[in-house]
Structures are given as structure tokens and as C-alpha cells.
Amino acid sequence: MSEDIHSLLGRYFSGEATEEERRRVEAWVAGSPAARQEYDLLEKLWKGPDAATPVVFDAARAWSKV
């Protein structure tokens, strides 16, 4: 099922999964802690670096140091 679940996860993360596919993914994730861990890792990879916490930059403070 590993290859099948990875195909489903691709559609799930992209928003292209059908309702039945979404239920299958959610049941798989709920099925075991290992599945949850794999899901979390793949979701993080799917979102990429853009999903990281944005850096807060205080331009006025930086200019005051210059």
C-alpha cells in the first residue's frame, strides 16, 4: 500500500483527492503513530520552505543602526 498511499497523498496535499480518497488518507493516518509520523514528514516536504515561519524584519530598527 506504500506506493498507493503516496499517490493518494500527492492528490490529498494538492487538493485534487476525491472525498473517498480523502477518507482513505485520513483513515491511514489515524491507523498508527508511524503513519502519522510519515504523513507529517511528507506534508512538511510538500509545503517546502515556503511553509516555514516567516522572518520578521524591523526595517526602521535596522536603518537606525546604519
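This is a predicted model: local features need pLDDT of at least 70, side-chain atom pairs count only at pLDDT 80 or more; totals for chains, interfaces and linings use all residues.

Me: How many aromatic pairs are found in the whole structure, and what is the geometry of the one formed by Y12 and F13?
Reply: A search of the whole structure finds four aromatic pairs. For Y12 and F13, which are both buried, the ring centres lie 6.0 Å apart and the angle between the planes is 75 degrees. Planes over 60 degrees apart count as edge-to-face, and the pair of Y12 and F13 is accordingly edge-to-face.

Me: Why is the pair of Y12 and Y39 edge-to-face, and how many residues apart are Y12 and Y39?
Reply: The ring centres of Y12 and Y39 are 6.1 Å apart and their planes stand at 75 degrees, so this pair is edge-to-face. Both Y12 and Y39 are buried. The pair links distant parts of the chain, with Y12 in helix 1 (residues 2-14) and Y39 in helix 3 (residues 33-47), and the two are 27 residues apart.

Me: Which residues form one aromatic cluster?
Reply: Y12 forms an edge-to-face pair with F13, and the rings of Y12 and Y39 are edge-to-face as well. The one aromatic cluster is formed by Y12, F13, Y39 and W46.

Me: Where do the buried residues of helix 2 fall when seen down its axis?
Reply: The buried residues in helix 2 are E21, V25, W28 and V29. Seen down the axis of helix 2, they fall within an arc of 100 degrees, so they line one face of the helix. In general, an α-helix has 3.6 residues a turn, so residues three or four places apart point the same way. E19, E20, A27, A30 and G31 are exposed on the other side of helix 2, whereas the buried residues line one face.

Me: Is E21 buried or exposed, and which residue's side chain does it join through a polar contact?
Reply: E21 lies in helix 2 (residues 19-31), and it counts as buried because its relative accessibility is 15%, where the cut-off is under 20%. Leaving aside neighbours within four places in sequence, E21 is in contact with L8, R11 and E16. A polar contact of 3.0 Å joins the side chain of E21 to that of R11.

Me: What distance separates the end C-alpha atoms of helix 2?
Reply: Helix 2 has 13 residues, and at 1.5 Å a residue they should span 18 Å. The separation of its end C-alpha atoms agrees with that expectation, at 18 Å.

Me: How far does the side chain of D58 lie from the backbone nitrogen of R61?
Reply: D58 is found in the loop between helix 3 and helix 4 (59-65), and it is partly exposed, with a relative accessible area of 45%. The distance from a polar atom of the D58 side chain to the backbone nitrogen of R61 is 3.2 Å.

Key:
Residues are numbered from 1 along each chain as its sequence is written. Side-chain values use heavy atoms; hydrogens and water are left out. Helices (H or I, at least four residues) and strands (E, at least two) are DSSP runs, numbered from the N terminus. Buried means under 20% relative accessible area, exposed over 50%, partly exposed in between (1.4 Å probe, protein chains only). A polar contact is a pair of N or O atoms within 3.5 Å; within protein, one must be able to donate a hydrogen and the other to accept it, and residues adjacent in sequence count only if both atoms are side-chain atoms. Contact means heavy atoms within 4.5 Å. Rings of Phe, Tyr and Trp (its six-membered ring) pair if their centres lie within 6.5 Å; planes under 30 degrees apart count as stacked, over 60 as edge-to-face and the rest as tilted. The expected span of a helix is 1.5 Å times one less than its number of residues. The arc is that of the directions from the helix axis to the C-beta atoms.
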